[in-house]
Amino acid sequence: MELGLVHYLILVAILFCIGILGLIISRNIVKILISIEILLNAVNINFAAFANFGDLDEAKGQVFAIFIMAIAAAEIALGLAILIACYNNRHSIDIEDYTSLKS
Amino acid sequence: MEVLQFLFFGMFALVIVISALGAIFCRNIIHSIVSLVITFLSVSGIFILLNADFLAISQIIIYAVGITILLVFSLMFTTTKDDNKLWLAFAPRTILAFVVAGTLFILLMFNITNKFTDFNINPKSFITKAPKESTIELLKKQGTTPIIGKQLLTKYVLPFEILSILLLGVIIGAAVIAKKDTNEKNRASESA
């Protein structure tokens, strides 16, 4: 058996769909943030796979994966800060409790 | 050699899928965070199979350590014992989630395999080329770190600098947002 691009793409498709599933299915806000991390990880694998099978001399995909990692760290820091601020207001981390914009 | 590579890929892929499912479906949030760490570590194994050594180490440093610590600390601030009941959403949303994820998976496979006709290991929809011999020799000697460093400071220097400004803004913003409002606390103590 030889290892090719399609194996990585199928793995990424499965991982991305698990992330989407978790994003919609969970009620706990921390779990939603976890699902976003899984999504970003899937995208990172995709970038690295195309860098490996396309242009390993320049490794452009790996550079973009580094950018995504930095943005993921920024996103999780801000998301958790907003979560703590919301928790101080509502004393709940259930996503169903944040409905004050609903008229 | 190739069989061994395939074996490692299958192992890592299996661990990734199982632990990602565990991260979503575990009842206890701490268990799902531990499962997430296992996912991150196996993803770094996949990066090593893809000749991306710098990415693999960054993955462990940033994701498996940094983000996990942030998640655990925020958990200490927020979660109470009866949050275990927040397992899955109500039935309509759960069904919707499965439908959306399944449809997305079928669409992605449709595109990868070129309308379910092309099952080659290197699909014809994507241009792939094997790395040159000289590149492989270079990678064996020094890894991908010099290549990435050169790219970051020449071709992609503008996104790099914008990213540093973004990170500065995020540090300040996160500190300001998460800080307890002192005025509000004073008012509460006055009224009490």
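This is a short tour of the structure, stop by stop.

**Before you start**

The model is predicted: local features need pLDDT of at least 70, side-chain atom pairs count only at pLDDT 80 or more, and totals for chains, interfaces and linings use all residues. Residues are numbered from 1 along each chain as its sequence is written, chains are lettered from A and ligands numbered from 1 in the order in which they are written, and side-chain values use heavy atoms, with hydrogens and water left out.

**Stop 1: chain B as a whole**

Along the sequence the pattern reads α-α-α-α-α-α-α-α. Helices (H or I, at least four residues) and strands (E, at least two) are DSSP runs, numbered from the N terminus.

Now colour chain B by burial. Of its 192 residues, 32% are buried. Buried means under 20% relative accessible area, exposed means over 50%, and partly exposed lies in between (1.4 Å probe, protein chains only).

Switch to a surface. Chain B exposes about 12,200 Å², and carbon and sulfur atoms supply 72% of that area. These areas come from the Shrake-Rupley method with a 1.4 Å probe; for residues, only the protein chains shown count as cover.

Contacts come next (heavy atoms within 4.5 Å). Take those in chain B with a separation of 6 or more: residues 24 or more positions apart account for 49% of them.

**Stop 2: helix α4 of chain B**

Select residues 91-112 of chain B. This is helix α4, with 22 residues. From first C-alpha to last it reaches 32 Å, close to the 32 Å expected at 1.5 Å a residue. The expected span is 1.5 Å times one less than the number of residues.

Show the side chains of Thr94(B), Ala97(B), Ala101(B), Met109(B) and Ile112(B). These residues of α4(B) are buried. Look down the helix axis: the buried residues of α4(B) fall within an arc of 90°, so they line one face of the helix. The arc is that of the directions from the helix axis to the C-beta atoms.

What covers them? Part of the cover on the buried residues of α4(B) is α1 (5-25) of chain A. Turn to the other side of α4(B): Pro92(B), Ile95(B), Ile106(B) and Asn111(B) are exposed there.

Pick Phe105(B), also in helix α4 of chain B. It is partly exposed, with a relative accessible area of 28%. Leaving aside neighbours within four places in sequence, Phe105(B) is in contact with Ala13(A), Ile14(A) and Cys17(A).

Step just past the helix. Asn114(B) takes a positive phi of about 55°.

**Stop 3: the loop between α2 and α3 of chain B**

Select Asn51(B), which lies in the loop between α2 and α3 of chain B. Its phi is positive, about 60°, although it is not a glycine. Asn51(B) is partly exposed at 35% relative accessible area.

**Stop 4: aromatic pairs**

Show the aromatic rings. Rings of Phe, Tyr and Trp (its six-membered ring) pair if their centres lie within 6.5 Å; planes under 30 degrees apart count as stacked, over 60 as edge-to-face and the rest as tilted. The count comes to seven aromatic pairs over all chains.

Zoom to Phe64(A) and Tyr156(B). Their ring centres are 5.5 Å apart and their planes at 75°, so the pair is edge-to-face. The pair crosses between chains, from Phe64(A) in helix α3 (residues 60-90) of chain A to Tyr156(B) in the loop between α6 (145-153) and α7 (157-178) of chain B. Phe64(A) is partly exposed at 35% relative accessibility, while Tyr156(B) is buried at 12%.

Now move to Phe40(B) and Tyr63(B). This aromatic pair is tilted: 4.9 Å centre to centre, with 50° between the planes. Phe40(B) sits in helix α2 (residues 29-49) of chain B and Tyr63(B) in helix α3 (residues 53-78), 23 residues apart. Phe40(B) is buried at 1% relative accessibility, and Tyr63(B) is buried at 0%.

Together with Phe64(A) and Tyr156(B), they form one aromatic cluster.

**Stop 5: Ser35(A)**

Select Ser35(A) in helix α2 (residues 29-53) of chain A. Is it buried or exposed? At 1% relative accessibility, Ser35(A) counts as buried. Beyond its neighbours within four places in sequence, Ser35(A) is in contact with Gly19(A), Gly22(A), Leu23(A), Ser26(A) and Ile24(B).

**Last stop: cysteines**

How many disulfides are there over all chains? A search of the whole structure finds zero. The rule asks for a pair of cysteine sulfur atoms within 2.5 Å.
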